[in-house]
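Here are some comments for a colleague who is opening this structure for the first time. Please keep the sequence and the 3D view at hand while reading.

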Amino acid sequence: PQEIVSGESEEESNGVNLMEFSDEILLHILSYVPCTDLVLNVRRTCRKLATLCLDKSLTHTVLLQKDYKVNKDKVKQLMRDIGKEIYQLNMAGCYWLPSSTIDHVTRCKNLVKLNLSGCHVTSLRLSKMLSTLQHLRSLAIDVNPGFDASQLSSECKATLSRVSELKQTLYTPSYGVVPCCTSLEKLLLYFEILDRSREGFMLSGQLMVGESNVPHYQNLRVFYARLAPGYVNQEVVRLYLAVLSDRTPENLHAFLISAPGSFAETGATKNLLDSMARNVRLDALQLPKAWINGSGLLQHLKFNNPFYFSFSRCTLSGGHLIQRVINGGKDLKSLTSLNLSGCVHCLAPESLFRKAEDDIDSSILESLVVSCCNLRHLNLSAAHHHSSESIGNHLCQLLSRLKHLLSLALPVCSITDVAANVEKPPTASNLVPQTFGRKVRIGIQTYPRNLADQANQKIESSVFWALMGSLRFLETLEVIGSSFSSAMPRNEPAIRNSLPPCVRAQSVGDSEVAAISQLTYLQSLTLAQLPNILTGSGLISIGLQCQHLRTLSLANLGMMGKVVYMSALMDMLKHCKCLRDLRLEQPYFCAGAQFFQALSHCSSLQRLCIVSRSGTLQSDAVMSFMANCLEVIMCHMFMGESLTVCKNLQQSIVRSFQADRPALNVVIFPLLHEDLTEVIRDVPMRHLDEITLFKSRVAEEPPNLWW
């Protein structure tokens, strides 16, 4: 209180008093303050703030999902003070809170929406809580081993019968609470079931006896299922789909299944798709690649005003895309999100005799751009999209017409200037990744270290410079090598060898990275497998110009045997005051004192992940960094150090900082250790899905799928 008073006196002496602002302006300012701080701290400073902090606009929706400082006591006090005023409560990913914390949610009698994904909730606790929430209409929960639907009370089932939106993450084969939700309109299912138990036993996808209740899908409008790798996940999702194949809901308008690898079509799923083709008109569609490849399904499906399409990893040709999806180039202004990741022939007229590396047909991309002029999210990664020499028809030039883009994912080889490749054909010496030592690079121009000269050199001629200049409101950008694969796949040992970059990507380097600095509003940036990074100088200009950058992921830049951009990275980090998430994947990365000293300038940093084959770290530097950066709650390092070094450092961090940082999650482990997959399975899903595992996230899901 004394500090507040002295602060007000200083403001008054300068002629400015915060309390003289209108209530509307103050409420807007307070909306950026975490609800726990508003209720437990700010409102105790003066009478005016005491009233404003309890305004309905601030207490109606409470978001705790990334309030890493919240603990059980704060939640308890929060529910006591404003529980009855809360209508929407989001506690997703609060893995550090004990399960008893959920008991306090019962004070929120008027709750309409509740998100408990990632929280520890037993069947009995869930039953007790839901029995008191008679107004609940939207629910998100996890279903863990030991879940028993028979423990749900009749009052709980009555509440579930009124729920219209359900998001369920499954860690064990189960229907969860789906059979109790007789009024479902939106169903989101995340299958995270492992094929083997911790003891090594194979799991079965068959549901337990007593769980064979039929789900109620008659009112369903949205069905979404995302599968993690594994056969059991496929078995269980088929059981959920069996009911849909018998009777397809008439109001179904979004049907989405995201499945990695091979997910074969069966008689039941074919019947389901045939029924959908006859009876429904869709607004959003995503199917496993095996269900689309070689079938005429898209020709028969009917669409209303589609806003999301995903044909990720399908062999869909550009000809089929234009004819069957966007009706021969007709108006499709409703489409806001399109995922063509891994769709290697989507910009070619046919795929039968075409090689993946052949040039694209610019007329197909032009039809797509003209028809879908309101696209906000576009993913073209994991494919070779090579532009021809035709003037004005480069992929970057055509994409520059999409003025509404907010997120974009491109393969590295798609952004290179065709003229540059024609003038300077790659030689045998630079077709393969660089390894150890200092090597002479033949046929690759050198770039000036001065950033201004570098920008002036490229800005007039580079199509990528022009693209970045035209997409000034872009918030998310991914530029990923078409053959890049992370060293940390989901349920497999670490990959020891990486494929060489595409030949067309050989000239992409510092100048292209510098071009990204034109994106003033950039919040998330991913760069992977850019082979011609020589100094990393472009990173500095990004740090200086992109002041809103919150998420940065860099992987396999430049030579593979040496981190050539380390000096530039450290300079860049000194300017990244808003950076919250940093992921680095680079062989031979040295996480030493200089690196962590530079990283300490990132005062907002919360999560750090380093993946480095043969990488090294300095334990003292890590400890000093953790002590200086008080916001860091996640530290994941998968390096080349011994198991003993890793365990000792992990224990030291936990012992020193866990008490003051309840959400602290530390995993330090040898990357090539045989038990890596066992360690990974204990990482909270929030961190694993958002940062630790590498993947393209642009248009991964429909926008606003869940709140």
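The points below go from the whole chain to single elements and residues.

1. Overall make-up. This is a predicted model. The chain has 26 helices and 22 strands. Of its 707 residues, 54% count as buried. Among contacts with a separation of 6 or more, 77% link residues 24 or more positions apart. The accessible surface of the chain is about 29900 Å². Carbon and sulfur atoms hold 50% of that surface.

2. The largest core. Nonpolar side chains tend to be buried together in soluble globular proteins. Here the largest nonpolar core has 203 residues. Phe-223, Phe-255, Phe-311, Leu-399 and Phe-595 touch the most other members. Helix α9, residues 231-246, gives the most to this core, with seven residues. There is also a second, separate core of 11 residues. Leu-188, Val-222, Tyr-224 and Ala-284 are included in that second core.

3. Phe-311 in detail. What does Phe-311 touch, not counting residues up to four places away in sequence? Its partners include Leu-285, Ile-292, Leu-298, Leu-316, Leu-321 and Val-325. Asn-339, Leu-340, Ser-341 and Cys-343 also touch Phe-311.

4. Strand β6. All six of the six residues of β6, residues 186-191, are buried, so the strand is largely enclosed by the rest of the structure. Both faces are covered. Lys-186, Leu-188 and Tyr-190 lie on one side, and Leu-187, Leu-189 and Phe-191 on the other. Strand β5, residues 165-170, runs parallel to β6 and is joined to it by six bridges. Glu-165 stands opposite Lys-186 there. Strand β7, residues 222-227, is also parallel to β6, again with six bridges. In that pairing, Leu-189 stands opposite Ala-225.

5. Strand β13. Is β13, residues 407-411, largely enclosed or open? Five of its five residues are buried, so β13 is largely enclosed by the rest of the structure. Ser-407, Ala-409 and Pro-411 are buried on one side. Leu-408 and Leu-410 are buried on the other. Three bridges join β13 to the parallel strand β12, residues 377-379. His-377 has Ser-407 as its bridge partner. Strand β14, residues 476-480, pairs with β13 in the parallel sense over five bridges. Leu-477 in β14 is the bridge partner of Leu-408.

6. A nonpolar patch on the surface. Val-16, Leu-18, Phe-21, Ile-25 and Ile-29 form this patch. Together they have about 390 Å² of accessible area. Phe-21 lies in the loop between α1 (2-13) and α2 (23-30). Phe-21 has a relative accessible area of 34%, so it counts as partly exposed.

7. Met-623. Helix α23, residues 619-628, holds Met-623. Buried means under 20% relative accessible area. Met-623 has 21%, so it counts as partly exposed. Leaving aside neighbours within four places in sequence, Met-623 is in contact with Leu-649, Ser-652, Ile-653, Ser-656 and Phe-657. Met-623 and Gln-650 are 27 residues apart in sequence. Their C-alpha atoms are 9.8 Å apart in space.

Notes: Residues numbered from 1 in each chain as written. Predicted model: local features only at pLDDT ≥ 70, side-chain atom pairs only at ≥ 80, totals over all residues. Heavy atoms only, no water. Helix = DSSP H or I, 4+ residues; strand = E, 2+ residues; numbered from the N terminus. Buried < 20%, exposed > 50% of the residue type's maximum accessible area, 1.4 Å probe, protein only. Contact = heavy atoms within 4.5 Å. Core = buried A, V, L, I, M, F, W, Y, C linked by side-chain atoms within 4.5 Å. Patch = residues over 30% accessible without salt bridge, like charges linked within 9 Å, V, L, I, M, F, W, Y side chains within 5 Å. Areas by Shrake-Rupley, 256 points an atom, 1.4 Å probe, with all protein chains shown as cover. Salt bridge = Lys/Arg side-chain N within 4 Å of Asp/Glu carboxyl O. Pairing = 2+ DSSP bridges.
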